[in-house]
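Please look over the sequence and the model shown here before reading the report below.

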Amino acid sequence: MKILADCVGGRDNNFNLIRFAAAVAVLVTHSYAVVGIDPSGEPMRYLTGKSFGGMAVDAFFITSGFLVTGSLLSRKNAIHFLFARLLRIYPALAMVNLLTVFVLGLWFTTFSWSEYLGNPLVYEYLIKNTTLWFGISFSLPGLFENNVIKGGVNGSLWTMYYEVRMYAILLLTWVALILLKQNSGEKKVGVSLVLIAVAAIATHMFNHYSGLDEAASRFYFMFFSGVLYYLLRDHIVLSGFLFRVALGLLAIGVFFKPAFFLSYHLLLPYVILYLAYVPGGNIRLYNNIGDYSYGFYIYAFPVQQMVATLIPGVSLAGMIATAFLVTLSFAILSWHLLERPALSLSARWKNPKINRNKQNSKQGQTRYS
């Protein structure tokens with residue numbers, strides 16, 4: 001039995017592995033649609049009404065809310081926090097978009113190169129999907145028009161549009177209240193974030209039971225559930241007994257679907273954080289490899305569309321296996337050539353005296369640290 005607060009702050013955890021498994025789950029779920037199989041045939045969706053990929057994205061938002069809140073409240077510096085977020089997200093994102101537009105696009109477009117490069121939709125795609133602030137563009141001229149998912153280029157990026165807004169809410173809340181220059185400023189930040197989290201949870205519950213389900217309220221629910229767990233970390237016990245109870249209640253939801261929505265939303269954050277901090281031993285060796293989850297997530301969908309074009313009629317198993325291997329290759333390169341160096345730069349900027357070798361050995365232990 002552990003108190004969550006006692007686990008926070010170290011890098012010896014399972015977040016890397018959880019996020020990588022989640023990224024793979026998204027690829028698996030997308031594979032059904034990409035090869036033209038009815039998504040309702042996915043086993044988890046059939047049993048619970050929710051796909052592996054949907055659960056994986058929820059896990060991303062929970063871990064993001066938890067870890068990013070810890071990063072902000074421990075740094076206590078808006079510039080440091082903003083710089084760290086920019087370096088974590090945008091170098092790899094810019095690269096995948098440049099490769100998509102100017103390599104994948106030129107290779108697969110049915111337009112001539114001059115027509116393609118002269119089309120304003122190309123630059124709209126590049127700007128929107130790199131900034132994540134003006135919406136997301138899903139198609140490029142002449143790409144994948146004969147695929148099952150016609151014209152879709154990178155369907156995974158739409159969730160990141162919401163994620164950066166949640167970062168902004170956290171940062172602006174902290175800045176606004178700290179600028180009050182009151183002794184209780186930091187305490188008010190915690191109270192305010194708790195209220196925002198409760199509002200996000202209540203809104204999603206209301207939307208669901210009113211028949212107004214939408215992705216935005218679900219993402220805010222998951223992200224701010226993670227925020228809430230961080231803020232209440234001193235009062236949360238990570239118990240094997242409670243973990244098994246949570247799994248039991250989730251299993252009941254499989255057989256009684258009306259109960260699954262409630263049990264899933266209320267218990268998933270606890271299950272994710274228990275798995276992140278409690279299981280130890282050899283499973284932690286994964287941290288020595290690197291954090292390939294982000295690269296895997298942002299490269300997977302374009303790779304799947306490419307595979308669907310190059311191998312017409314590819315089977316579900318063939319799509320999953322081929323796309324996994326190709327995407328993993330891109331993810332490894334992205335981590336070692338862009339993401340890890342960017343994280344090192346962020347750490348050295350925060351503390352110029354830090355030993356570079358020591359820092360590099362620690363990078364990658366958590367995506368959002």
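This is a predicted model: local features need pLDDT of at least 70, side-chain atom pairs count only at pLDDT 80 or more; totals for chains, interfaces and linings use all residues.

Residues are numbered from 1 along each chain as its sequence is written, and side-chain values use heavy atoms, with hydrogens and water left out.

Two packed helices are described by the angle between their axes and the distance between the axes. Here axes are lines fitted to C-alpha atoms, for helices over the stretch in contact, with angles running from 0 to 180 degrees between N-to-C directions. Helices are DSSP runs (H or I, at least four residues) numbered from the N terminus.

| Helix pair | Angle | Axes |
|---|---|---|
| Helix 2 (residues 15–34) and helix 4 (residues 52–75) | about 150° | 7 Å apart |
| Helix 11 (residues 240–255) and helix 12 (residues 257–277) | roughly 150° | within 8 Å |

The angle in the table makes helix 2 roughly antiparallel to helix 4, a term for angles over 145 degrees. Their crossing is left-handed, meaning that the near helix is turned anticlockwise from the far one by less than a right angle. In contact (heavy atoms within 4.5 Å) are residues including Phe15, Arg19 and Ala22 of helix 2 and Phe52, Gly53 and Ala56 of helix 4. By class, this contact has eleven nonpolar, three polar and one charged residues, where Ala, Val, Leu, Ile, Met, Phe, Trp, Tyr, Cys and Pro count as nonpolar, Asp, Glu, Lys and Arg as charged, and the others, Gly among them, as polar.

Helix 11 and helix 12 are likewise roughly antiparallel to each other, and helix 11 passes helix 12 in a left-handed crossing. The residues of their contact divide into 15 nonpolar, three polar and one charged.

How many of the 20 residues of helix 2 are buried? The number is 16, so helix 2 is largely enclosed by the rest of the structure, with buried meaning under 20% relative accessible area (1.4 Å probe, protein chains only). Just after helix 2, glycine 36 takes a positive phi of about 90°.

Asparagine 14 lies in the loop between helix 1 (4–7) and helix 2, and at 3% relative accessibility asparagine 14 counts as buried. Leaving aside neighbours within four places in sequence, asparagine 14 is in contact with Leu275, Ala276, Pro279, Ile283 and Arg284.

Technical notes: Helices (H or I, at least four residues) and strands (E, at least two) are DSSP runs, numbered from the N terminus. Angles under 35 degrees count as roughly parallel, over 145 as roughly antiparallel, 65 to 115 as roughly perpendicular and the rest as oblique. Buried means under 20% relative accessible area, exposed over 50%, partly exposed in between (1.4 Å probe, protein chains only).
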